[in-house]
Amino acid sequence: MTYNMKQENTKFNFARAMEELEKINRWFESEEVDLEEGIKKFDQGMKLIDACKERLKQVENKIIKIKG
Amino acid sequence: MDLFDYSNAFVKEEAKNAFATLKVLSVTEFNQYVNTLITIQSVIVEGEISGFKIAKERLIYFDLKDDKSIVSCFLFKFQLDKMGVALEDGMKIQVTGLPNLHQKGRFNLVVELVKPVGEGSIKRALELLKQKLLKQGIFLLERKRPLPRFPENIGLITSSDAAAYTDFIKVLQHRFSGITVYFYAVSVQGEKAPNEISEAFNYFNQKMPNLDVLVLTRGGGSLEDLMAFNSETVVRAVFGSKIPVICAVGHERDESLSDFAADKRASTPSNAAEILVPEQSEVAWQLNKIGERLIYQLDKKIKILEHFYQSLEYKMNLWWQNLRQKLELEERLLKSFDPEAILERGYSITIIGDKIVKNPMQVKKGDNIKTKLKKGEIESIII
């Protein structure tokens with residue numbers, strides 16, 4: 001077998017990061033004002049954005065032949 | 001086998017002999033002999049169906065006819081179900097089968113394979129199958145699952161030499177990268193296609209259940225070329241997949257039953273890639289927007305807090321001023337009552353014991369009284 005699904009799955013998950021970012025944005029839109037938590041969420045959001053941008057720098061798609 | 005050997009010997013050695021030398025056969029032997037002659041290999045016969053009937057829910061009989069002739073056909077219902085072909089009278093079909101003379105003297109074609117021919121028949125067979133699958137809930141919209149927004153691991157099922165493969169990979173690469181495509185090559189037309197496609201679905205579902213999505217695709221072709229995607233085998237494989245499926249068969253206007261069984265239908269292989277992944281530049285733009293929004297949000301939160309503290313400070317000042325004003329007022333009022341202030345103005349206070357004398361009745365002859373002045377006191381005795 002020429003692939004390793006486990007390895008593929010443990011790497012950064014773009015979809016999950018985007019979901020997390022949207023969640024953070026929604027949190028900020030809520031009424032409560034908690035600056036300490038806000039700064040924490042902000043840092044987390046910025047880190048996720050960086051990670052997503054890093055992920056977007058990949059230029060190739062990989063093709064693995066199972067059969068044929 | 002005995003009979004076969006015997007018949008061969010009969011044909012080769014005795015056929016040319018005189019009638020007198022012919023062996024006398026029993027009826028059973030005759031029928032068996034005829035069968036050895038006619039069941040040598042399968043034949044394909046094309047004709048129109050008439051008298052189609054299902055007996056005891058498991059045996060199927062029909063006649064195949066053309067302008068002049070007619071032949072009876074027989075097969076089991078499970079065979080037809082497995083082929084995923086629905087038949088009815090008037091349909092033009094090709095039957096692959098073995099000629100057979102029954103013991104009771106009835107001659108028929110024992111059907112191995114049935115294939116509708118001509119666009120009318122193919123479409124009719126398709127319609128019948130569609131109705132059957134529809135009743136089984138295979139095309140229900142409620143069971144369609146959403147496709148992942150950013151699939152990273154895709155299972156691709158198509159032919160390796162098809163333009164579909166190239167188109168899909170090209171558009172995918174053009175739009176988004178960092179994706180791993182697991183490619184399982186199958187035949188996309190011909191007799192082998194349905195089983196191969198079904199095997200591919202089994203493989204992915206069993207061996208790689210964590211894939212984000214499966215793509216089943218092929219390019220355009222004639223209705224007959226696309227038949228594999230209308231076969232019950234493939235439709236059921238699509239329907240049964242635990243991994244969500246996007247199906248793209250043929251050109252824009254081609255529709256297959258697999259399309260309807262899939263979670264999402266794409267019009268072409270390129271369209272499948274477009275539906276599956278967003279444009280990378282668009283995502284980058286979105287990310288920037290999200291970043292800007294985050295900064296704005298945090299800034300807003302800080303401003304709200306600043307405003308809150310400012311207003312708190314203002315309110316406290318106001319409260320303090322009020323308090324101070326009140327205090328001053330009280331003080332002034334209090335001061336106005338200060339007895340010292342009265343003495344200041346030249347008044348005096350007369351005290352007997354610890355009481356202020358406000359009435360001459362309070363004192364009598366001989367009492368000691370004290371008179372308080374601005375400065376000092378005078379002690380007196382009442383006479």
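**A loop in chain B, then the interface**

Begin in chain B by selecting Glu57(B), which lies in the loop between E1 and E2 of that chain. Bear in mind throughout that this is a predicted model. Although Glu57(B) is not a glycine, its phi is positive, at about 65 degrees. Is Glu57(B) buried or exposed? Its relative accessible area is 63%, and because exposed means over 50%, Glu57(B) counts as exposed.

Lys56(B), which is not a glycine either, has a positive phi of about 50 degrees, and with a relative accessible area of 70% it is exposed.

Next, show both chains and select the residues of chain B that are in contact with chain A: there are 41 of them, and they meet 43 residues of chain A. Between them the two chains bury about 4000 Å², of which 62% is on carbon and sulfur atoms.

Which side chain of chain B meets Arg55(A) in a salt bridge? Select Glu152(B), whose side chain pairs with that of Arg55(A) at 3.7 Å, taken from N to O. In total, 3 salt bridges are counted between chain B and chain A, and 19 residue pairs are in polar contact across this interface, with both residues at pLDDT 80 or more.

Colouring chain B by secondary structure shows where its touching side comes from: the elements that give two or more residues to it are helix H5 (163–175), strand E7 (180–185), helix H6 (193–207) and helix H10 (280–336). Of these, H10(B) gives the most, with 17 residues. Sorted by class, the side of chain B that touches chain A has 25 nonpolar, 11 polar and 5 charged residues.

Finish at the place where strands from the two chains pair, by selecting E7(B) together with strand E1 of chain A, residues 62–67. These two strands run parallel and are joined by 5 bridges. For one pair to centre the view on, take Ile63(A), whose bridge partner in E7(B) is Val181(B).

Key
Residues are numbered from 1 along each chain as its sequence is written. Chains are lettered from A and ligands numbered from 1 in the order in which they are written. Side-chain values use heavy atoms; hydrogens and water are left out. Contact means heavy atoms within 4.5 Å. Buried area is the accessible area (1.4 Å probe) that two parts lose on being put together, summed over both. A salt bridge is a side-chain nitrogen of Lys or Arg within 4 Å of a carboxyl oxygen of Asp or Glu. A polar contact is a pair of N or O atoms within 3.5 Å; within protein, one must be able to donate a hydrogen and the other to accept it, and residues adjacent in sequence count only if both atoms are side-chain atoms. Helices (H or I, at least four residues) and strands (E, at least two) are DSSP runs, numbered from the N terminus. Ala, Val, Leu, Ile, Met, Phe, Trp, Tyr, Cys and Pro count as nonpolar, Asp, Glu, Lys and Arg as charged, and the others, Gly among them, as polar. Two strands pair if DSSP finds at least two bridges between them. Buried means under 20% relative accessible area, exposed over 50%, partly exposed in between (1.4 Å probe, protein chains only).
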